[in-house]
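This report describes a structure for a reader who is new to the subject. Please keep the sequence and the model in view while reading.

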Amino acid sequence: MSTDIFERVKKVTVEELDVKAEEVVMEASFTEDLGADSLDVVELVMAFEDEFGIDIPDEEVGEIKTVGNAVEYISKKVAG
Amino acid sequence: MSVLPEPSGRVVVTGVGAVTPLGTGVDVFWPKVIAGESGIRRIQQMENLELYSCQIAGEVPDFEPTDWVDKKDARRMDPFLLYAIAAATMALKDCGVELTEELKDEFGVLIGSGIGGLKSMYDQTKFIHDLKPDRVSPFFVPYMIADMASGLVSIMNDLRGPNHAVVSACSTGANAIGDAYEIIKRGDARMMMAGGSEAPVNPIGVAGFCACRAMTGRNDEPTRASRPFDRDRDGFVMGEGSGILVLEDRDHALARGAKIYCEIVGYGFSADAYHITSPHPEGRGAAKSMNMALRKAGLEPTAIDYINAHGTSTPVGDPMEVEAVKKVFGEHAYKLAVSSTKSMHGHTLGAAGAIESLICILAMRDSIMPPTINLENQDTDPLINHVPNVAQKRELNTVLNNSFGFGGHNVSLIMKKG
């Protein structure tokens with residue numbers, strides 16, 4: 001897992017959800033800890049797609065519940 | 001536990017809030033209205049202006065979204081929602097009510113928009129043209145639909161009473177106030193926030209109204225372009241903003257010792273049943289709506305001291321309205337005054353009826369009639385007092401506000417000193 005990916009996930013999350021950078025830790029849940037609702041999550045996923053130039057199919061969005069999930073998922077995508 | 005007083009069937013205004021091309025907040029914009037200032041300028045929100053036949057508008061000059069919502073919402077929300085939230089927040093604060101759980105159940109919201117989130121529509125449609133439909137924001141639909149100002153204001157303040165929106169083009173704001181008045185009058189709510197909001201100054205909005213041939217071409221003289229009742233008028237100047245009133249059952253307001261601006265006493269509305277954009281040449285719908293408002297208020301025409309005209313500065317609309325006023329008021333048309341403040345703030349479309357009702361209320365409060373600026377050569381009946389260029393002091397007890405809209409809608413509201 002790359003620190004670079006974590007930092008970029010953090011940057012996007014801070015921008016999209018208007019949260020403080022220190023709140024964006026690996027364990028943080030987007031909905032429970034970072035105040036995202038279902039529409040926020042859709043927009044956040046779109047922002048990840050833009051940031052990393054990847055495609056996240058709807059059926060895989062469910063895997064991304066925490067910041068750690070996002071970093072792990074994106075790491076695999078960009079590596080693959 | 002307190003018990004709300006029984007509905008009285010009478011409705012007063014206890015709070016006001018406004019976002020206008022003459023500034024944000026009643027204390028900012030009202031002195032400018034009285035001073036006869038123009039809020040019209042070369043459009044700053046758009047690029048490639050030279051492509052448009054109309055390049056001027058009444059833009060809100062001092063609006064900072066993060067004063068009213070958090071950064072996330074400031075970025076996402078359509079400006080028509082941001083203006084409505086700002087105006088509603090100011091109006092609610094102004095009315096000074098304590099929101100008890102009991103009152104929240106009896107407090108509704110009715111904020112209309114002539115169009116809704118047109119900028120959002122424009123921005124998001126680009127993804128379709130780029131063949132990227134999956135990039136459309138999940139917030140596009142909720143922040144574009146015209147009822148969302150009512151929805152958001154209720155959510156933000158936990159107001160659980162009647163809630164919907166009105167859409168009747170440029171009479172929207174007045175219809176919203178009139179309908180909210182009747183909701184309280186018939187006992188369905190004790191308090192309502194009501195008004196309109198509009199943010200049409202974007203490429204598709206300006207291009208669309210230009211295509212209707214409804215707008216001025218006086219691009220080189222922005223502050224002189226909106227000139228209702230003047231011989232050289234050549235179309236309206238678009239404006240943006242929001243006006244919100246807090247309406248309240250009179251006994252509820254009295255019981256809590258609220259500051260009362262005025263009472264709403266009459267609401268008339270009608271259709272021209274004539275043409276989609278042109279008013280009926282004899283103003284039959286306009287006359288009908290003024291007559292209905294007078295009848296429902298139980299007032300003789302001679303009771304009206306001042307009319308805030310729809311008066312958009314179009315060649316056909318202004319004389320039609322004056323003729324309708326003469327038809328309804330007869331000789332009294334020469335005693336009352338009829339001014340159009342659109343000469344200063346432009347035509348704010350769905351917000352117009354609300355911003356201008358608010359102006360009527362403040363005119364009564366301060367005993368002053370706001371002017372029609374740029375009125376150099378009056379070409380309507382010369383005996384009508386349009387309050388040319390300079391405000392006039394006069395004791396005002398009862399005033400009427402007219403708003404007319406594409407589709408042939410006509411609305412007249414009568415307000416009386418409380």
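## Chain A: overall build

From the N terminus on, chain A has the element order α-α-α-α. Its secondary structure consists of four helices and zero strands; helices (H or I, at least four residues) and strands (E, at least two) are DSSP runs, numbered from the N terminus. The model is predicted, local features need pLDDT of at least 70, side-chain atom pairs count only at pLDDT 80 or more, and totals for chains, interfaces and linings use all residues. Residues are numbered from 1 along each chain as its sequence is written, while chains are lettered from A and ligands numbered from 1 in the order in which they are written.

The C-alpha atoms of chain A occupy a box of roughly 30 × 25 × 20 Å along the principal axes.

## Helix packing in chain A

Two packed helices are described by the angle between their axes and the distance between the axes. Helix α1 (residues 3–17) of chain A packs against α2(A) at an angle of about 140°, with the axes 10 Å apart. α1(A) is therefore oblique to α2(A). Axes are lines fitted to C-alpha atoms, for helices over the stretch in contact, and angles run from 0 to 180 degrees between N-to-C directions. Angles under 35 degrees count as roughly parallel, over 145 as roughly antiparallel, 65 to 115 as roughly perpendicular and the rest as oblique. The residues in this contact include A:Val12 and A:Leu17 of α1(A) and A:Leu44 and A:Phe48 of α2(A). They divide into five nonpolar, one polar and five charged. Ala, Val, Leu, Ile, Met, Phe, Trp, Tyr, Cys and Pro count as nonpolar, Asp, Glu, Lys and Arg as charged, and the others, Gly among them, as polar.

α1(A) also meets helix α4 (residues 67–79) of chain A, where the axes come within 10 Å and cross at roughly 125°. In this contact, A:Ile5, A:Phe6, A:Val9 and A:Thr13 of α1(A) face A:Val67, A:Ala70, A:Val71, A:Ile74 and A:Ser75 of α4(A). Seven of these residues are nonpolar, two are polar and none is charged.

## Chain B

Chain B contains 15 helices and 15 strands. Its C-alpha atoms fill a box of roughly 60 × 55 × 40 Å, taken along the principal axes. Its average pLDDT (the predictor's confidence in each residue, from 0 to 100) is 97, and 100% of the residues score at least 70.

Helix α3 (residues 79–95) of chain B and helix α7 (residues 148–157) of chain B pack at about 45°, with their axes 9 Å apart. α3(B) is therefore oblique to α7(B). Among the residues in contact are B:Phe80 and B:Leu92 of α3(B) and B:Met148 and B:Asn157 of α7(B). The contact comprises 11 nonpolar residues, one polar and no charged.

## Where the chains meet

The contact between the chains takes six residues from chain A and seven residues from chain B. Two residues are in contact if their C-beta atoms, placed from the backbone, lie within 7 Å. On the side of chain A that touches chain B, helix α2 (residues 38–52) of chain A gives the largest share, four residues. That side has four nonpolar, no polar and two charged residues. The predictor gives the complex an ipTM of 0.86 and a pTM of 0.96.
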